[in-house]
Amino acid sequence: MAQMTMIQAITDALRTELKNDDNVLVFGEDVGKNGGVFRATEGLQKEFGENRVFDTPLAESAIGGLSIGLATQGYRPVPEIQFFGFVYEVMDSINGQMARMRYRHGDTHTSPITIRSPFGGGVATPELHADSLEGLMAQQPGLKVVIPSTPYDAKGLLISAIRDNDPVIYLEHMKLYRSFRGEVPEEEYTVELGKADVKREGTDVTIIAYGAMVHASLKAAEELEKNGVNAEVIDLMTVSPIDVDTIVESVKKTNRVVVVQEAQRQAGVASHVVTEIQERAILHLEAPVLRVTAPDTVYPFAAVENEWLPDHKDIIEKVNEVINY
Amino acid sequence: MFQILNEDGKIVNKDDMPDLSDEELKELMKRMVYTRILDQRSIALNRQGRLGFYAPTAGQEASQLGSQFALEQEDFLLPGYRDVPQLIWQGLPLYQAFLFSRGHFHGNQMPENVHALSPQIIIGAQYVQAAGVGLGLRMRGKKNVAVTYTGDGGTSQGDFYEGLNFAGAFNANVIFIVQNNGFAISVPREKQTKAKTLAQKAVAAGIEGIQVDGMDVLAVYAATKDARERAINGEGPTMIETLTYRYGPHTMAGDDPTRYRSADLDTEWEKKDPLVRFRKFLESKKLWSEEEENEVIEKAKEEIKEAIKQADKYPKQKVTDLIEHMYEELPVNLQEQMEEYKEKESK
C-alpha cells in the first residue's frame, strides 16, 4: 500500500490503463508535456510517447468530436475537459452524440470514452471553473456519471470507467485533489460503477452525499455522535445511475434521511435521490427527506465562496430537523 | 472554379481529365440516373406516407456520387442528413436507407463492410468527428480517408471550423466536402458569410481548399481522388467546395422553395444538370444510349419497390429493443424498466 493524494491516484490509474491497453489515449489542453494544469497526467507523455498522450488545440467541442472519431477506429479515448464549466462548449459532442452512439447505430458503433474533468468549490477559482454541473449530465440517457471522494475510490473507479464500453463522465473535485492522503494499492484493482459505498455505518439517520460533501458529512457525523446521534454516511460515488438498493437498505434501518450536495438546490442529483426514496421506502420514513444544497444563484464570486458553499454545519442543522420532526 | 466538363458535355480541361475506363464512366452515369430515380420515387413514397424524413437530392448527383466514386471500400463516410445516396453506394442496403427515413434503428445498423456513421442531423457535428476518424486512420497507419459532407449553411457553424482546424493540426486523413447549393432552407448563401468563396475558409485552418463545379461529375471525382491521394500520402486534409443546386425543396416536411427561389434561378440551374451534360459527353463517345438509360430506370424502380416491401416486412420496434441498445450492460434503472416493458409487451 502506498499513501497517495487523489491526484496521484488518478495519475496512477491512467498509467495503469495506458500500460494495460494500447488503445487507451489521453489527450486534451496541456495534458502532454505540461502534465496537465493540475499535474494529473504528469510524466505520462514521457513514459508512453506523444502518440498516446497528446495536447490538442483549444476547442472543447472538437475534443469531444475527436474522441468519437477515434473510438470508431478502435481506440479507447480518455479526453480531458480542463474545467467542467467549459462543458457547455462540448454538450453536443457528449450529450447529443457519444451518449447516443450505441443506440443510434443499434450496437454497430459504440463510444468507450471516459471524459475526465475537474470541478468543485473552495479553492477560489475564477468564474466558471468550480460549478457543479453533474446534474446536466445525469439527465442524459446513455451516460454514466462518476464522482470519487477518496484516493482509493478515485483509482478503482477510473480504471472501471476506462474499461467500460460506454461513455463515462468522471468528475474530479479540485478541493479533494491534494487535501489529504489515503491508502491506495499499487497494483490494479477496480471499484464497480453504479455502486454506492457506506463510508460510515450508523443507525439514527442516513446522510447521502457525493464529492466534497462526503467529507463534510463525515465531519458532521462526528459532531452529531457527540450529541448521541448515530449517522450513517453513504457516498454515492456514481451519481448516474443511482445505487437505489444501498440507499433503500439504509433508509429501512435509519428511517430518516438527509441528502447533501454542493450544487444549487435546483441542480445536482439530490431531488432524484429524494424521489427514489419516496417511491421505494415511504412507509419506512419517520420524517420528510431533506436536502442540503447551495442557494439557487449563479456560482459565487470567489470572495464569498465560504458563505455560499454548504458545509458540515448546514448538514448538522438539517439532521437535527429530521431527528426532531 | 475547377471544371472538366462544360454544360454542353465538352471537355474543357484535358490536363485534369481523370483516368477512368469506359466501364467506369458508364458506371458513374448509371449511378447518377439511378439516384435521380431514387429521388423521384422517394418524394412520391414520402407523399404517400410510405417514407418519413426525406431530404431531396436531385441536382446534386455529380457532387454526391462523383466524390463517393473516388472512395475505397475501407474509407470511412460521415454523411449529413442529405447524404444518403453516398451511403447507399458505399454499400448500405436500400431497404435500410428507407428504414432510416421512417425512423427505425435497423436503418442505422451498419453492415460490416460499410465503414460509416448514420446520417448526421446536427449540422457540423460530422466535421469534428471526421477529424477524429481521420486521426485514427492515420495513427493506425491505414491508407484510407474519412470523408464528410455539409452544406453551405453548415460552414457558419463552430464545429465546421473546429473540424477543419483539428484535422489540419493533426495532419489527419480527412476530406471535407461542402456542397454549396446556394440555400440553407430559405437563407441564401450570401447571408451566411461575406467570404467570396466557401473553399477559401480552408485558409483559416491552413489546409488545402478547392472550389469545384459541383454539376460536373468528372471534376468532383478528380478533385476528391486528388485529395484522397494527398491524405493517404500524409499531406493532410482538404476541403472541397462543390457548387451545386437542389431542384427540390429542402426537405419533404413542408418546405416550399417558391417562397424564396425564383423560377429563373431554377431554369438557370436546370441547364447545368449534371445528368444532361454527362449524357452528352458519353453519347459523343458512343458509350451511352436511350436503351441503356431505360434499363437503369427500370432496374431502379424494381429495386426500390422490392426495398420498400422489405422495409415493410421488417419487425416493428419495441421499447425493449430501444432499452437493449442503450448500454453494453444495463444499469439498474434500465433493468427495472426492461422488466416493466417486457410485461407490457407480453400482453
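**Exercise 1. Describe how many residues of chain A and chain B are in contact, and which residues of chain A lose the most area to chain B.**

Solution. In this predicted model, begin with the two sides of the interface: 41 residues of chain A are in contact with 40 residues of chain B. Next, take the area buried between the two chains, which is about 3400 Å², with carbon and sulfur atoms giving 57% of it. Within chain A, the residues that lose the most area to chain B are Gln73(A), Tyr103(A) and Arg104(A), and together they make up 19% of what that side buries.

**Exercise 2. Find the salt bridge and count the polar contacts between chain A and chain B, then say which elements of chain A supply the side that touches chain B.**

Solution. The count of salt bridges between chain A and chain B is 1, and Arg280(A) forms a salt bridge with Glu336(B), with the closest N and O atoms 2.7 Å apart. This pair meets the criterion, because a side-chain nitrogen of Lys or Arg has to be within 4 Å of a carboxyl oxygen of Asp or Glu. Across the same interface there are 21 residue pairs in polar contact, both residues being at pLDDT 80 or more. Turning to the elements, strand S3 (53-55), helix H3 (60-72), helix H4 (91-97) and helix H5 (101-104) of chain A each supply at least two residues of the side that touches chain B. The largest share of that side, 9 residues, comes from H3(A). Sorted by class, the side of chain A that touches chain B has 16 nonpolar, 17 polar and 8 charged residues.

**Exercise 3. Work out the order of the strands in the sheet of 4 strands in chain A, and explain which strands stand at the edges.**

Solution. The 4 strands form an open sheet with mixed pairing, and their order in chain A is S5-S7-S6-S12. Strand S5 (114-119) and strand S12 (238-240) of chain A each have a single partner strand, so one side of each is left without a neighbour in the sheet, and these two stand at the edges. From one strand to the next, the twist averages 25°. Inside the sheet, S6 (residues 144-146) and S7 (residues 168-173) of chain A pair in the parallel sense over 3 bridges, and the bridge partner of Val145(A) in S7(A) is Ile169(A). Helix H1 (residues 6-20) of chain A lies across S5 and S7 of chain A and runs at about 150° to S7(A).

**Exercise 4. Explain what the salt bridge between Arg163(A) and Glu17(A) ties together.**

Solution. The closest N and O atoms of Arg163(A) and Glu17(A) are 2.9 Å apart. Since Arg163(A) lies in helix H7 (residues 151-163) and Glu17(A) in helix H1 of chain A, the pair ties together parts that are 146 residues apart in sequence.

**Exercise 5. Describe the sheet of 5 strands in chain A and the helix that packs on it.**

Solution. The order of this open sheet, whose pairing is mixed, is S9-S11-S10-S13-S14 in chain A. Its edges are strand S9 (197-200) and strand S14 (290-294) of chain A, each with a single partner strand, so one side of each is left without a neighbour in the sheet. Strand S10 (residues 205-209) and strand S13 (residues 257-264) of chain A run parallel and are joined by 3 bridges, with Val257(A) in S13(A) as the bridge partner of Thr206(A). Helix H12 (residues 312-323) of chain A packs on the sheet, touching S10, S13 and S14 of chain A, and its direction makes about 165° with that of S14(A).

Conventions. Residues are numbered from 1 along each chain as its sequence is written. Chains are lettered from A and ligands numbered from 1 in the order in which they are written. This is a predicted model: local features need pLDDT of at least 70, side-chain atom pairs count only at pLDDT 80 or more; totals for chains, interfaces and linings use all residues. Side-chain values use heavy atoms; hydrogens and water are left out. Contact means heavy atoms within 4.5 Å. Buried area is the accessible area (1.4 Å probe) that two parts lose on being put together, summed over both. A polar contact is a pair of N or O atoms within 3.5 Å; within protein, one must be able to donate a hydrogen and the other to accept it, and residues adjacent in sequence count only if both atoms are side-chain atoms. Ala, Val, Leu, Ile, Met, Phe, Trp, Tyr, Cys and Pro count as nonpolar, Asp, Glu, Lys and Arg as charged, and the others, Gly among them, as polar. Two strands pair if DSSP finds at least two bridges between them. Axes are lines fitted to C-alpha atoms, for helices over the stretch in contact, and angles run from 0 to 180 degrees between N-to-C directions.
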